[in-house]
Amino acid sequence: MSGLQRTCLTLIVLGGINWGLIGFFQFDLIAAIFGGTYTALARIIYGIVGLCALYSLTLLFKPSEELEHRRETETH
């Protein structure tokens, strides 16, 4: 897994935790840290998390490296 993929997955997990906090406690951690939901910095963070989620969709369609390795060793 590449560094970009790990970074995106980390941000997606943090975004999921933030949504959990919103759902269970009505507390938006990103808004609390960056001064409100509609501040420029908070919107940038939300946008980056969204872009990471879109990028990570490619992981659903990429065969796992372990599976590829198994196929290579079985055919040789």
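The model is predicted, so local features require pLDDT of at least 70 and side-chain atom pairs pLDDT 80 or more, whereas totals for chains, interfaces and linings use all residues. Residues are numbered from 1 along each chain as its sequence is written, and side-chain values use heavy atoms, with hydrogens and water left out.

The protein contains 4 helices and 0 strands, in the order α-α-α-α along the sequence. Helices (H or I, at least four residues) and strands (E, at least two) are DSSP runs, numbered from the N terminus. Of the 76 residues, 14% are buried; buried denotes under 20% relative accessible area, exposed over 50%, and partly exposed the range in between (1.4 Å probe, protein chains only). Among contacts (heavy atoms within 4.5 Å) with a separation of 6 or more, 48% join residues 24 or more positions apart.

Helix α1 covers residues 3–25. The expected span of a helix is 1.5 Å times one less than its number of residues.

N18, in helix α1, counts as buried because its relative accessibility is 5%. Residues touched by N18, not counting those up to four places away in sequence, are F27, D28, L29, I30 and Y46. The contact with D28 includes a polar one between the two side chains, at 3.1 Å. A polar contact is a pair of N or O atoms within 3.5 Å; within protein, one must be able to donate a hydrogen and the other to accept it, and residues adjacent in sequence count only if both atoms are side-chain atoms.

The loop between α1 and α2 holds both Q26 and D28. Q26 follows α1 and has a positive phi, near 55°. Most residues other than glycine have a negative phi. Q26, at 75% relative accessibility, therefore counts as exposed.

A polar atom of the D28 side chain lies 3.3 Å from the backbone nitrogen of A31. With residues up to four places away in sequence left out, D28 touches N18, I22, T37 and Y46.

I45 is placed in helix α3 and is partly exposed, with a relative accessible area of 23%. I45 touches I30 and F34, not counting residues up to four places away in sequence. The C-alpha atoms of I45 and I30 are 7.9 Å apart, at a sequence distance of 15 residues.
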